[in-house]
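Visitor: I would like a close look at one part of this protein. Please keep it brisk.

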Amino acid sequence: MTNTSGFRGGEIHKSAYLSEAIFATEQVTVFTHSWLYLCHASQLPQAGDYVTVELAGQPLVAIRQKSGAIHVLYNRCPHKGVKVLAEAQGNCGRFLRCPYHAWTFKPTGELLSIPVKTEYDPCTLSACEAGSGMARVDNVVNYRDFVFVRLSATGMAFDHFFGDALSTLDNMVDRSPQGQLRVVGAPLRHRHRCNWKMVMDNQTDTCHPMVAHESSAGEAVNLWAQSGQQGTQPMAVELFSPFMSSHAFFADMGIRVWPNGHGHTGISNSIHKEYSSIPGYWESMVSHYGEARAREILGDTRHNTVYFPNLMVKGPIQTLRVIRPLSASETVVESWILELVGAPQKMLERTVQYNNLINSPCSMVAHDDVEMYERATDGLQSSASEWVNISRLYQVGEQWDDTRQTAGTSEIAMRNFYAMWQRMMENAHAN
Ligand code: FES
Ligand SMILES: [Fe+2]
């Protein structure tokens, strides 16, 4: 097989998870041609606020402009290539200053000044690339405060790339009585010894929670039962317990896939549906949206939404996870939390608790998954088989150009993801 033909129906070749050559290829083909999540606008409230991030191996900086717009620049001094900003976030003031020779730049990236500039006069700096300042990323979309970039000059337009998948972001924003979200704090970062796509597979793998999380979530259920207490469960038990739901529960809740690799679990039900109500929230939603619309917004119980290639959003609990590939066998998972502006503080408390209990490097649940990823990374070294199976509820001739839904225990979302992955690996420029 070549490094671009790793997916065949219900199977994915193990090299997709292990090969450094494939990793290098997908950084260019998949990641530069996709729309990648960069940051949330609430991280940049003031002019000059910035966040730095690396996407597709490219050091980038997003900066809030005086106009209110967010520009994205390559975080590289046009002089000798130094990263101009080294911190994860901050405020650049009225200009950016390179720490090496003190060239300065406007927040737009435009060159502002150079010490002893007259010494460049004979060679007309303006004719050099360096004279044009810090390069800017042209393809930036701020969708309801979620900032995405596409690094390639050519490729799908934002709306076409995501299509109806944007409904998950819409629903999460609409859950705020003011229609606004705010990032709270820094993300939890957890480094895994595995390929990034194993983490993406896991997001729609509904047949693992009741097995892999039995020792953590199952224990919480047992302890509560043994306590003999009745009535409202402690928040931690309420958050853990649904992980022990049956295969039938996950099958019934359904799964939906959209074109271009996106999809979500939880159409009619999800593990987030039965959380107890928090006083004041419903009333604030009704007063802002009216009862019918509030019911519609909160009735959407979708579980995990996978945005190709490396973002996962959980609307009902307001978290998102960014899966950052470092190499074929190293991945950092960032788990972010969002506050529903205008909602009671207890809503945020539940979101914080969920992130700590389920996603944190110190949680009990995340370790169950990490152990599976790392065992898979080791197990795939075996010569016993070349293929990983993702054929649950596979149908011969599956097509990937339309929205479809089926039983929630299907691995259709993984196949949908790999169909897109393979298409981009084979033909990045035809998108
Ligand atoms: S490398 Fe930035 S000013 Fe020289
Ligand atoms: Fe899990």
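Visitor: In which helix is Asp174 found?

Guide: Asp174 is found in helix α4, residues 166-174 (helices, H or I, need at least four residues and strands, E, at least two; both are DSSP runs numbered from the N terminus). This is a predicted model, where local features need pLDDT of at least 70, side-chain atom pairs count only at pLDDT 80 or more, and totals for chains, interfaces and linings use all residues. Residues count from 1 along each chain as written, chains are lettered from A and ligands numbered from 1 in written order, and side-chain values use heavy atoms, without hydrogens or water.

Asp174 has a relative accessible area of 10%, so it is buried (under 20%; exposed is over 50%, partly exposed in between, with a 1.4 Å probe and protein chains only). Beyond residues up to four places away in sequence, Asp174 touches Arg144, Met285, Tyr289, Arg293 and Ile297 (contact means heavy atoms within 4.5 Å).

Now compare Glu339. It sits in strand β20, residues 330-340. Its relative accessibility is 15%, so Glu339 is buried.

His213 lies in the loop between α6 and α7, and Asp369 in helix α13, so the pair ties together parts 156 residues apart in sequence. His213 is buried at 1% relative accessibility. Asp369 is buried at 11%.
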